[in-house]
Amino acid sequence: MSSAPLNLSHLPPTFLLPTRLVQPKANEISSQLRSCKCPLTSNPADASLFVGDINMPKRCEFELRGRGLSVSSKMSPDTKKVKVVKLKWFTESYENSKLLPIDEYIVFTGYVQPSKRPSLVSSPEQNEKQKSALEKDAADRQLRKEILERARGDQARYREEKGRDTRDDIRKLQDMELLYATRRQRKGIDELMTISKPGSKNTTRQSTPEYEKMREKIVSRGRPRLLKEMPDWAQQHNKYSCCRPTPLISPNAEFISLLNTIKLSRVLTSDGVGIRAYSTTIATIQAYPYPLISPSEVSLLPGCDGKSSALFQEYITSPDHSLAAVRELEKSPSFNTLKLFSSIWGVGPAGAREFFYDKGWKTLEDIVEHGWGQLTRAQQIGVKYFDEFQSPISRNEAREIAAVVGKAASKLRAGMDYTIVGGYRRGKMEIHDVDILLSHTTHSMTTGGVVKELVSELEVSGHITHTLHLGRELNNTTTVNAHRYGFDSLEKALVVFLAPTSGLHRRVDIILAPPVSVGSALLGWTGGTTFERDLRLWCDREHGWKFTSEGVFERVTGRRVTGIDGTWRVGEKMVEAERRVVEGVGLRWLEPCERCTG
């Protein structure tokens, strides 16, 4: 500890960022800063210098925005300059009783922008304009209210319909449960300790309440498995999720749910590295057919690092099986608001951050009252039908919608057939949008603007109420969360569909594939996000090919890879074309219900 505290009175108003600091450590550093006469402030808005355990400029912006400061690299007359310096600068200066050059430790320099939130006090002209906009939308809002009331009144009937799903759907789920059922072997705690620590002579433990509670918790889950007892893909340390079966139901679902919350926080902050890391970990644990017991067992799984093991250790020893990071996120107003905004169709994480940090909106009501005119058409539709889009779609309702689309398509082109893909094909009991793949065994029947004709037909019949996208290339600014598996140039329509039975507005994607692309389209629009990501990586790294929903192509020449035939032929089912593509890229066949990576 320093015998002669530094003099930091020359610094501007300073704020200590608590990031990565436990409360006792934060208190200690605050005390040290004050002993050095540092002008600490408890209000971030008053500070010009921020000290924190942060190494990345992007993280600095996130931390400052989380404290109400919108920062950028642009300077204007009304902006205030702020700097973020590494905590290491102060701790090393304090330990050595010598002030180190601060410029060498600066992580971020920016300017605080004035708040863009609309003033609560509006001019008469603004009030009149807002009143006119609200009156114009009143009829739509009333209709929405009536539809929702009708839907709630029929809730019991929808539950019954969901329970009366087809035998085939139930059989598939039962098969999955049997295939991946856990063998919960009852073993004593002393044996478990011996397995986890081979060669240990101390096999007796003192009986305490904490010991007994841990014993009960571990024994109830079975015993940890050694590497030689794990699935082949784990023993071979194969990280590709497209190379292993991943069921819909996991014995580690509770832990996965917590990891998904942390992953969502990375998505909301556009932390690409974090998103990829958590996606890989989640997909691996989802595929693991046994209940995890120990952190060492987690560390043996491909894609699971020390962080994963530490999180599992915290989870398994927590009295309520939770994680501190998740508890903090669930209490965080910023996380919950970003989560709400990003779930609006057409907004996405980047739009959610703009709404919250730049514009200062915190609720859907704020968006309607202060920014309706600033939204894109797609975003307005996303807000208008927010509740209906969030309401889950049963498998019966999905089939009902697809049947309407398929009937209209076959009316326009005789012989046109369809398959429901996405989460429905993976076996989910409830989904939030319906993905329908259309095709024909004759190429000419898939040309000539058939999707445009189909949309017009369904608009006239009253089934399609809004068209969000119609064509080939997706526009990244207007359909932010449209295609989850990477953009392709298959002809498609992203629409709002009025479901016949429920009367609710539903999101429906209609994709048209020519016969030559059916196998790859079915494969590309079925798997979970991580499955599709790893499928593309597999083709690229193992073969130098590019996989898309249109086909498999050579990266150098751009030509279709010879020998991979995903063409749908007369007299066969679409799935047969899909099987040929899977075999052609060198993978073993996995049923759709085994591609549930998330």
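The chain exposes about 29700 Å², of which carbon and sulfur atoms supply 52%; accessible areas come from the Shrake-Rupley method with a 1.4 Å probe, and for residues only the protein chains shown count as cover. The structure is a predicted model, in which local features need pLDDT of at least 70 and side-chain atom pairs count only at pLDDT 80 or more, whereas totals for chains, interfaces and linings use all residues. Residues are numbered from 1 along each chain as its sequence is written, and side-chain values use heavy atoms, with hydrogens and water left out.

Of the 598 residues, 48% count as buried (under 20% relative accessible area, with exposed meaning over 50% and partly exposed in between; 1.4 Å probe, protein chains only). The chain has 25 helices and 14 strands, taken as DSSP runs numbered from the N terminus (helices H or I, at least four residues; strands E, at least two). Among contacts (heavy atoms within 4.5 Å) with a separation of 6 or more, 71% are between residues 24 or more positions apart.

The largest nonpolar core has 28 residues, a core being a set of buried Ala, Val, Leu, Ile, Met, Phe, Trp, Tyr and Cys residues joined through side-chain atoms within 4.5 Å. Helix H20 (395-412), strand S9 (434-439), helix H22 (450-460), strand S11 (491-498) and strand S12 (505-512) each supply at least two of its residues, and the largest share, seven residues, comes from H20. Phe-497 is among the residues with the most contacts inside this core. Not counting residues up to four places away in sequence, Phe-497 touches, among others, Ile-401, Val-404, Leu-458 and Val-508. A second, separate core of 24 residues includes Tyr-278, Ile-282, Ile-285 and Tyr-315. Helix H18 (residues 377-384) is mostly covered, with six of its eight residues buried, including Ile-381 and Lys-384.

Leu-16 has Val-51 of S2 as its bridge partner. S2 also pairs with strand S4 (residues 80-86) in the parallel sense, over four bridges, and Gly-52 is partnered there by Lys-86. Both faces of S2 (residues 49-52) are covered: Leu-49 and Val-51 are buried on one side, Phe-50 and Gly-52 on the other.

UniProt, in an unreviewed entry, lists residues 81-107 as "domain: BRCT"; such annotations may be inferred rather than shown by experiment, and the positions are given in the numbering used here, with feature names shortened. This span is 37% helix and 30% strand, and its end C-alpha atoms lie 14 Å apart.

Terms used:
Pairing = 2+ DSSP bridges.
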